[in-house]
Amino acid sequence: MLKEKGILFDVTLCIGCGSCYDACKEANNLPKTSEDFLKDHLSDNTFNVIEQYDDLYARKMCMHCNEPACESVCLVGAITKTTTGAVVYDADKCIGCRYCMQACPHKIPRYEWGTTTPRIRKCNMCAERVSNGLIPACAESCPNEATLYGDMDQLIAIAKRRLQENPDKYYQHIYGLEEAGGGHVLVLSPVPFEQLGYIPELPKEAMPEFTKRAMEKIPSVVVGGGIFLGGMYWLTKRKNKIAKEERSKNEN
């Protein structure tokens, strides 16, 4: 069985060169979408972006959640979590409901609005390259090892060691380790993550757990709502009946 893999991105090591951005484009045969990669946005043709915050650079991409909300809401099983940890998408199964876009806590999946056969588009952690014994293009291209790819347990150990050995260099948190139940993309930063555009205060619990609990409450909600609506119907009907009887008395 393959060990689960992941990506560790260290903001303190990123020099904003754009190598990962270009490598992602090339590996996924994606067209050029911006004259300045630092001003590009996630789209159906851009799966990985680098955002500049003063002298810091932050990557944004699919976080490959441990329990993906996108997978849990997919009606046809078009999105699946692989044994390596990557969350991948099968366009042949997709019916275009776009529930995955609404469910994602990190707001990552994009839709091909401009085609007659639209697909959901996002990073798949170079699943095909990895199946061929390669590593994701973004990690391979990084000249400063700001992006590492490897076994999740080793990446977590590296991240924790960096925080412990350099307490003044890093904000003491590993983003992605627990957010929304945790995922396979971890981020280290010298500043609080909301200052770099990462979504703050996500629950530690996986999103599918919220959905499951909500679905369990549906029967009681339906029953309670039915009783309430039935009561309102009875009161309205009785009120109209009384009004009708009073009008009949007055007419007589």
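Author: A residue counts as buried when its relative accessible area is under 20%, and as exposed when that value is over 50%. Please keep in mind that this is a predicted model. Of the 252 residues of the protein, 40% count as buried.

Reader: Is Ala159 buried or exposed?

Author: Ala159 has a relative accessibility of 0%, and because buried means under 20%, Ala159 counts as buried. Ala159 belongs to helix α6, which spans residues 152-165.

Reader: Which residues is Ala159 in contact with, leaving aside its neighbours within four places in sequence?

Author: Contact here means heavy atoms within 4.5 Å; with those sequence neighbours set aside, Ala159 touches Leu8, Ile174 and Leu188 in this sense. As for Ile174, it lies 15 residues from Ala159 in sequence, while the C-alpha to C-alpha distance between the two is 7.1 Å. Across the protein, 55% of the contacts with a separation of 6 or more are between residues 24 or more positions apart.

Reader: Turning to the surface, which residues form a nonpolar patch there?

Author: The patch consists of Leu75, Val76, Ile95 and Tyr99, which together have about 400 Å² of accessible area. Leu75 sits in the loop between α2 (69-73) and β4 (79-81), and because its relative accessible area is 57%, Leu75 is exposed. For the protein, the accessible surface comes to about 14700 Å², and carbon and sulfur atoms hold 53% of it.

Technical notes:
Residues are numbered from 1 along each chain as its sequence is written. This is a predicted model: local features need pLDDT of at least 70, side-chain atom pairs count only at pLDDT 80 or more; totals for chains, interfaces and linings use all residues. Side-chain values use heavy atoms; hydrogens and water are left out. Buried means under 20% relative accessible area, exposed over 50%, partly exposed in between (1.4 Å probe, protein chains only). Accessible areas come from the Shrake-Rupley method with a 1.4 Å probe; for residues, only the protein chains shown count as cover. Helices (H or I, at least four residues) and strands (E, at least two) are DSSP runs, numbered from the N terminus. Patches are made of residues with over 30% relative accessible area and no salt bridge: like charges are joined within 9 Å, nonpolar side chains (Val, Leu, Ile, Met, Phe, Trp, Tyr) within 5 Å. A salt bridge is a side-chain nitrogen of Lys or Arg within 4 Å of a carboxyl oxygen of Asp or Glu.
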